Amino acid sequence: MSAGISKPQLSVTVLGSGTSQGVPMIGCRCEVCLSPDPRDNRTRSSIFLATPQAKILVDTTPDMRQQALREGLDHLDAVLFTHPHADHIMGFDDLRRFCDLKGGALPIYGSAETLGQLERIFFYAFNPKTLVPGYVHVLPNVITGPFELGGLDITPLPVPHGAVSTLGFLFSRDGRKLLAYLSDCAAVSETIRGIISGVDVLIIDGLRDKAHPTHLTVSGAVEVAQAVGAGRAFLTHQTHEKLHVDRMRELPAGIEVAYDGMKLEFDLD
């Protein structure tokens, strides 16, 4: 990764870094929700990856339209889904504009369970009798193992998240582990730790300090990042419990807080 690359071969944008209710929370007057620091404005968790070959979205949050407008997104080649919870899928219908811009159906990827839930909720987007311009149409692809997309090797990383299993993703190229994304998880098994060991960048669920049944705590996320030897790590899926600047002061070297609009660039030469 290099901060000075004018034309990176992989760029990653954190579209959203917040928990399921977002920050600021409705009706909350805490210092974080009232903070003027834009890094404390946390929309629902999602990332966007761009290579010379493809533009890839991970999850369609309820804030997807806002995120896409903020970042100037005008094209998608594929969407990866981590799991079917509302804060990760309820912007699905906003894919209609990307289908229009693409001029056809949009490939989506996820577990069989996730794709099944998407088809149940957004039935009109799957196998319609006629393709109606202006509506969302998708081509579902069940993730059963590693696959290639946009010049990246993508390895699914199943992790526990309450009653469901979430898919994290490892993005690699030519054997180099570039980015591991684990947005919603209560634990990271030794198997998954081994797969992402030595990754350049880890973006990981670090909900809050207090224990939660379906998410890692900040200390738990730090432990994973240090155990796998990530070059850099960023906490995502953050609540409104701590200001960005205050959380940053508490974290060890090499571990930071992700924020909406944050960009990472990777030189693959």
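Predicted model: local features only at pLDDT ≥ 70, side-chain atom pairs only at ≥ 80, totals over all residues.
Reader: What does "buried" mean here, in terms of relative accessible area?
Author: Buried means under 20% relative accessible area. Exposed means over 50%, and partly exposed lies in between.

Reader: Fine. Is aspartate 40 buried or exposed?
Author: Aspartate 40 has a relative accessible area of 3%, so it is buried.

Reader: Which residue does it form a salt bridge with?
Author: Arginine 42. The closest N and O atoms of the pair are 3.2 Å apart. Arginine 42 is at 1% relative accessibility, so it counts as buried.

Reader: How many salt bridges does the count come to?
Author: The count comes to 17 salt bridges. One of the pairs is arginine 96 with aspartate 93, at 3.3 Å between the closest N and O atoms.

Reader: What about arginine 249, which residue is its salt bridge with?
Author: Aspartate 246, with the closest N and O atoms 2.5 Å apart. Both lie in helix H7, 3 residues apart, about one turn of the helix. Arginine 249 is at 64%, so it counts as exposed. Aspartate 246 is at 26% and counts as partly exposed.

Reader: Which residues are linked in a network of salt bridges?
Author: Arg70, Glu71, Asp260 and Lys263.

Reader: Switching to aspartate 184. Where is it?
Author: Aspartate 184 sits in the loop between S10 and H5. It is buried, yet it has no salt bridge.

Reader: Why no salt bridge?
Author: A salt bridge needs the nitrogen and the carboxyl oxygen within 4 Å. For aspartate 184, the nearest side chain of opposite charge is arginine 44, and that is 11 Å away.

Reader: Then which side chains does a polar contact join to aspartate 184?
Author: Serine 183 at 2.8 Å. Histidine 237 too, at 3.0 Å.

Reader: What else does aspartate 184 touch?
Author: Leaving out residues up to four places away in sequence, it touches a set that includes His83, His88, His161, His215 and His237. Val159, Pro160, Thr166 and Asp205 are on that list as well.

Reader: New topic, the sheet. How many strands form it, and in what order?
Author: There are 7 strands, in the order S7-S8-S9-S10-S11-S12-S13. The sheet is open and the pairing is mixed. Strand S7 (147-149) and strand S13 (255-257) are the edge strands, each pairing on one side only. From one strand to the next, the twist averages 30°.

Reader: In what sense do S9 and S10 pair?
Author: Strand S9 (residues 164-173) and strand S10 (residues 176-182) are antiparallel, with 5 bridges. Phenylalanine 171 has leucine 179 in S10 as its bridge partner.

Reader: Which helix packs on the sheet?
Author: Helix H6, residues 218-228, does. It touches strand S11 (201-205), strand S12 (232-236) and S13. The direction of H6 makes about 155° with that of S11.

Reader: Which residues in H6 are buried?
Author: Val218, Gly220, Ala221, Val222, Val224, Ala225 and Val228. The buried residues of H6 pack against S11, S12 and S13, plus helix H5 (190-196) and helix H7 (244-250).

Reader: And what comes just after H6?
Author: Glycine 229, which takes a positive phi of about 70°.

Terms used: Residues numbered from 1 in each chain as written. Heavy atoms only, no water. Pairing = 2+ DSSP bridges. Helix = DSSP H or I, 4+ residues; strand = E, 2+ residues; numbered from the N terminus. Axes fitted to C-alpha atoms, helices over the stretch in contact; angles between N-to-C directions. Contact = heavy atoms within 4.5 Å. Buried < 20%, exposed > 50% of the residue type's maximum accessible area, 1.4 Å probe, protein only. Lys, Arg positive; Asp, Glu negative; His and termini not counted. Polar contact = N/O pair within 3.5 Å; in protein donor to acceptor, adjacent residues only side chain to side chain.
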